[in-house]
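Open the model in your viewer and keep the selection tool at hand.

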Amino acid sequence: EIRLNYVARDARLRGVSRTMIGALEEWAMLQGNEGCHLLSTETARRFYRRAGYTEDGPPAGKFGSSGSYPMSKLFNPARHRLR
């Protein structure tokens, strides 16, 4: 489960979040996980969809918000190989 993935405002739109999510997914896969689950904010939903996550149901109330969207992504083992 990915809990929070935030970057500083001045780091937005520079690929930092994409790099972070890629590193988290790689670590999770190397630990034997078949995928990742997370709760996305309304603002981040588009980012996670582009990263291959799908929505798993209606919004849940978490992190002080009623708009936390459960999402998940299954890994493709052929794509992730040790370098």
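**Stop 1: the ring cluster**

Select Phe47, Tyr48 and Tyr53: ring pairs link them into a cluster. Rings of Phe, Tyr and Trp (its six-membered ring) pair if their centres lie within 6.5 Å; planes under 30 degrees apart are stacked, over 60 edge-to-face, and the rest tilted. By this rule there are 2 aromatic pairs. Phe47 and Tyr48 sit 5.0 Å centre to centre, with 70 degrees between the planes, edge-to-face. Now take Tyr48 and Tyr53: their centres are 5.6 Å apart and their planes at 75 degrees, so this pair is edge-to-face. Phe47 and Tyr48 are buried (under 20% relative accessible area, 1.4 Å probe, protein chains only). Tyr53 is buried as well.

The model is predicted: local features need pLDDT of at least 70, side-chain atom pairs 80 or more, while totals for chains, interfaces and linings use all residues. Residues are numbered from 1 along each chain as its sequence is written, and side-chain values use heavy atoms, without hydrogens and water.

**Stop 2: a charge over a ring**

Select Arg45 and Tyr69. Arg45 lies over the face of Tyr69, 3.9 Å from the ring centre (the rule: NZ of Lys or CZ of Arg within 6 Å of the centre and within 35 degrees of the ring normal).

**Stop 3: the largest pocket**

Which residues lie nearest the centre of the largest pocket? Select Asn5, Arg12, Ser17, Ala44 and Phe47, among 33 lining residues. Colour H1 (16-30) next: H1 gives the largest share of the lining, 6 residues.

Technical notes. On a 1 Å grid over the protein atoms alone, a cavity is a set of points where a 1.4 Å probe fits but cannot get out, and a pocket is an open set with protein on both sides within 12 Å along at least five of seven lines; lining residues have an atom within 4 Å of a point. Helices (H or I, at least four residues) and strands (E, at least two) are DSSP runs, numbered from the N terminus. Buried means under 20% relative accessible area, exposed over 50%, partly exposed in between (1.4 Å probe, protein chains only).
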